Structures are given as structure tokens and as C-alpha cells.
Amino acid sequence: MKMKKKVPFLLVLMLLIGTVLAGCSLKGNSTADNSSKDGVTTLLMYQIGDKPENFDTLMENVNKKTEKEIGVRVNLQYIGWGDYEKKMSVIVSSGENYDIAYANNYVTNAQKGAYADLTELLPKYAKEAYDMLDPAYIEGNTVNGKLYAFPVNGNVYAQTMFSFNKQYIDKYNLDISDVKGYKDLEPLLKVIKENEKDVMPFSVGQGFRVLPNMDFVLGNGMPFAVDLNGDTAKIINQYENNQMQENLRIMHEYYNKGYIAKDAATSNTEYPLNSGTWFVRQETQGPYDYGDTLLSTVAEQPIVSMPITDPIKSTAQAQMANFVVSSNSKNKEKAVEFLGLLNSDPELLNGLIYGEEGKAWEKAGENKVKLLDGYKSNNHMAAWNTGNNKIVYVQDSITDEQIKERDENIANATSSPILGFTFNTDSVKTEITNISNVMSQYLDGLNTGTLDPDKAIPELNEKLEGAGYEKVREEMQKQFDAFQASKN
């Protein structure tokens with residue numbers, strides 16, 4: 001659920017059925033055994049997040065299954081949320097030998113040749129799982145005509161929500177029915193600030209992104225966007241958009257009023273979902289969340305949400321959780337075979353998503369589970385970035401009508417105008433790097449409200465122009481025009 005991707009798109013998927021995978025040092029990982037012995041290949045795999053406490057038990061069960069089925073064992077290494085991008089950038093740029101990883105800067109690294117071309121490998125070695133993917137995943141992950149990722153089949157469409165800790169809604173009899181955007185939070189945040197000194201009114205931290213109704217060509221960490229409420233045929237600078245600027249002014253106001261932590265731009269402080277330390281947070285919900293059902297389950301307390309963007313099949317959702325195979329891997333076919341098994345075998349996947357069967361959960365029907373007392377948020381992996389949600393058992397509280405509605409909503413969801421559009425950066429690689437460097441100076445400060453947007457945005461845009469923004473935008477618009485023409 002939670003999208004700490006730092007997308008953040010965050011965020012309901014990141015915590016979908018719990019948090020995954022913990023920060024760790026990479027020291028020594030490059031020497032990890034990924035050789036083939038006695039006919040069994042050991043794959044080195046990197047994942048993002050927090051490691052489950054019962055990781056060894058979970059992986060022992062995985063490796064028994066994979067060794068028997070496909071002659072593979074998996075050496076799974078974890079890198080924390082705050083460190084993943086930096087450390088994976090080092091791994092990719094150094095050419096370190098690994099087999100599978102949670103994708104970081106997917107399009108850019110695919111175009112650099114860091115990832116193996118899976119266009120033919122997936123249908124051959126992971127056919128059953130590949131055939132279950134919504135076509136939007138293929139469209140959204142095709143780069144220059146080739147597919148470099150196996151996406152986790154889950155919330156192919158989503159919308160950004162403000163999710164509220166219901167205990168405080170009830171305690172102060174607050175009405176959230178009119179909340180439709182950032183400006184509508186003010187009277188609610190004021191109540192919490194004045195009455196709950198140990199509660200953070202707005203859970204915002206490093207990696208948080210203000211998310212207007214837009215889609216982003218190179219991710220929301222770059223300026224290039226399409227305004228879904230405006231001219232969807234034009235590439236714009238999101239920081240020149242009036243609504244985005246107004247949202248950032250509101251965030252800065254909230255920051256100055258103490259509704260947001262003073263160290264939000266630099267802090268990795270968590271406000272755990274299952275705690276009372278926060279009042280409202282930004283989450284992302286999609287069809288497999290069944291409204292607030294799964295978020296409340298993870299939180300172990302009631303959560304209520306209001307949408308602030310439209311539901312849409314977007315490039316961001318298609319690329320929300322991608323697994324890639326290194327172009328340097330000596331085990332490409334086996335790596336794909338493992339991804340295929342993980343995403344098609346219910347026994348294997350559900351043992352990771354829910355934890356140990358018989359202790360954390362038990363079957364309650366053909367495709368349903370009942371959670372047991374042993375089910376805890378730190379003893380399983382998260383559905384959103386582990387494997388195919390289509391074969392994940394649903395909790396027994398989910399009705400057949402909800403499942404039917406889920407599938408109908410997926411079929412009827414609207415697609416973003418840039419779904420399937422991949423920008424070829426070959427002619428502007430230097431400018432892209434320069435722009436990325438500029439953005440890194442302002443992203444967290446602006447989005448957390450720490451910086452005054454009326455001062456910071458003019459500075460940002462001036463530096464973007466110096467970095468080659470307009471050259472990139474013109475080339476991007478040219479390619480986007482051709483993409484749109486090819487669809488007509």
C-alpha cells in the first residue's frame with residue numbers, strides 16, 4: 001500500500017499487507033554466492049524495505065520450494081527505504097554482479113543497458129505469470145519497444161488519498177466529507193495541533209511528494225508532467241502549474257504552523273501505521289485494497305480515507321513495483337523462471353505475503369484466509385512489492401461482491417494519456433543528468449513545505465533552464481506528439 005517509492009506515491013500499497021524489508025549494509029554482498037552447485041543455482045536478489053523478523057523461516061520455505069521446482073535458491077538481500085536509491089545506483093554504475101532487483105530509476109537504467117531485455121524471456125520462462133498481467137503493465141513498462149521488467153500485478157490503477165487515523169476523527173467529532181485537496185486539511189490539522197501534543201498532525205517526511213492530478217514522464221522526481229485536468233497533449237513543468245504551486249504554498253503554511261515536522265525534509269522518522277503518533281498521511285489506494293479494508297488491517301486500527309486525485313491507469317502505477325534482471329547476470333533464464341514461479345504459485349507467494357501457514361493464517365475457502373493470533377505486521381512481506389496480487393488469497397472479510405467490483409473497476413479504469421509513452425533520452429542524456437542534480441536540491445524541501453515556494457520555485461526554474469530543461473522538454477514534446485499520432 002505504501003508508496004514510499006519515494007513516490008511515495010505512497011503509500012497505501014507500501015504497507016499493503018505489512019511492511020517489507022530492512023536497511024542493511026551492502027558490504028560483502030558483491031561476493032555473495034550466486035554460482036551453480038550440484039545443479040542448484042543461487043540467485044542474488046535485492047529488495048527494498050524492512051526485513052521481516054521471521055525472514056530466515058520464510059526464506060527456508062521459499063528455497064525448499066524453488067529448489068525442488070526449478071533448481072534455484074535465492075539469496076535475498078535487503079536495503080532500507082532511505083538508502084535503496086543511492087546504493088542501487090552504485091551497484092548499477094559499478095557493474096556489480098547480481099541477478100534480480102527491485103527496479104530503481106527503471107526507464108533511465110533500462111536505457112543505459114543496466115537491465116536485461118525480457119521481451120522474449122518472460123513469455124518463454126514465466127508464461128503463466130506473464131499471461132496474468134493487465135495489458136497496462138506491458139504498455140507502461142515497454143522502453144524503446146522492449147520490456148525490461150517483470151511488474152508486480154496489483155494496483156494497476158490507483159488514486160492518491162488522505163488517510164485519517166479514525167480514533168482522532170471520533171474523539172473530536174471531525175467531518176472529513178468535504179476533504180478534496182490539501183487546502184481542506186487546515187481546520188482538521190489545527191484541532192490536532194492544539195489538542196494532541198504527541199501526535200504529528202500531517203505525517204510527512206523525506207521522499208514525500210505533493211501529488212496533483214498529473215502523470216509524469218520520468219517520474220514525479222523530475223519536472224516533466226502532463227496535467228490530467230488540463231491539456232493532456234502538452235508536456236509541462238509541474239512546478240510551473242498553478243495548482244501545484246498553490247499546493248506547495250499550502251504545505252509551506254502547514255510547515256510554518258507546526259502541522260509538519262520541522263526536520264521533515266531530512267528525516268527518515270517513521271510514524272508507524274499501527275500507532276497513534278499521526279493524524280493524517282498520504283496513501284495510494286487501488287482495487288486490491290478494497291477501500292480502507294487492507295489499510296485498516298495493516299494498521300490494526302480503523303483508517304478512513306478521502307481521495308484527492310482521480311483513479312487512473314498510469315505509467316507510475318505500471319512501474320510501481322518492477323523486478324529487473326541485471327544485464328550482467330549469468331543466470332538470466334533462471335532468474336526469469338524464479339520470477340515466473342513466484343508470481344504464479346499461490347502456495348509460494350501466500351507463504352510470504354501472510355507469513356507461516358498455521359501460525360499466522362489458515363485457509364477459509366478456496367481463495368480466502370482467516371488471520372490467526374500469530375499474524376503480525378513484522379512477520380511477513382508486503383503484497384504490493386512481492387508478487388502477483390491476483391493469486392494472493394483475500395481475507396475472509398472480503399465479500400465475493402467486493403472481488404467482482406474489484407475486477408470490474410480494473411476493466412473500466414481510465415488510462416493516462418502517457419501510458420505506454422517512453423521518452424528516448426539518447427540525445428539529451430547530459431541534460432537529464434543535470435536536471436536530476438538540480439531537482440535533488442529542491443525536491444524534499446519544496447514537497448515537505450520546508451522551503452517557501454514563492455522563493456524556491458523561481459530559483460529552481462532558473463537552474464532548470466541552465467541545466468537544459470527546455471531542450472529536453474522540446475525533444476520530449478516532439479516524441480510525445482509522434483506517440484499520440486501513432487495511436488490515432
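## Leucine 228

Leucine 228 sits in the loop that runs between β11 (224–227) and β12 (236–237); strands are DSSP runs of E with at least two residues, helices are runs of H or I with at least four residues, and both are numbered from the N terminus. The model is predicted, so local features need pLDDT of at least 70 and side-chain atom pairs count only at pLDDT 80 or more, while totals for chains, interfaces and linings use all residues. Residues are numbered from 1 along each chain as its sequence is written, and side-chain values use heavy atoms, without hydrogens and water.

Leaving aside residues up to four places away in sequence, leucine 228 touches Asn213, Met214, Asp215, Ile312, Ser416 and Pro417, where contact means heavy atoms within 4.5 Å.

## The chain as a whole

The chain contains 18 helices and 19 strands. Its C-alpha atoms fill a box of roughly 65 × 55 × 45 Å along the principal axes. Of the 488 residues, 59% are buried, meaning under 20% relative accessible area with a 1.4 Å probe, protein chains only.

Contacts between residues at least 6 apart in sequence join residues at least 24 apart in 77% of cases.

## An annotated segment

UniProt, in an unreviewed entry, lists residues 417–484 as "domain: DUF3502"; such annotations may be inferred rather than shown by experiment, feature names are shortened, and positions follow the numbering used here. Over residues 417–484 the chain is 74% helix and 0% strand, and the end C-alpha atoms lie 8 Å apart.

Definitions and conventions: Buried means under 20% relative accessible area, exposed over 50%, partly exposed in between (1.4 Å probe, protein chains only).
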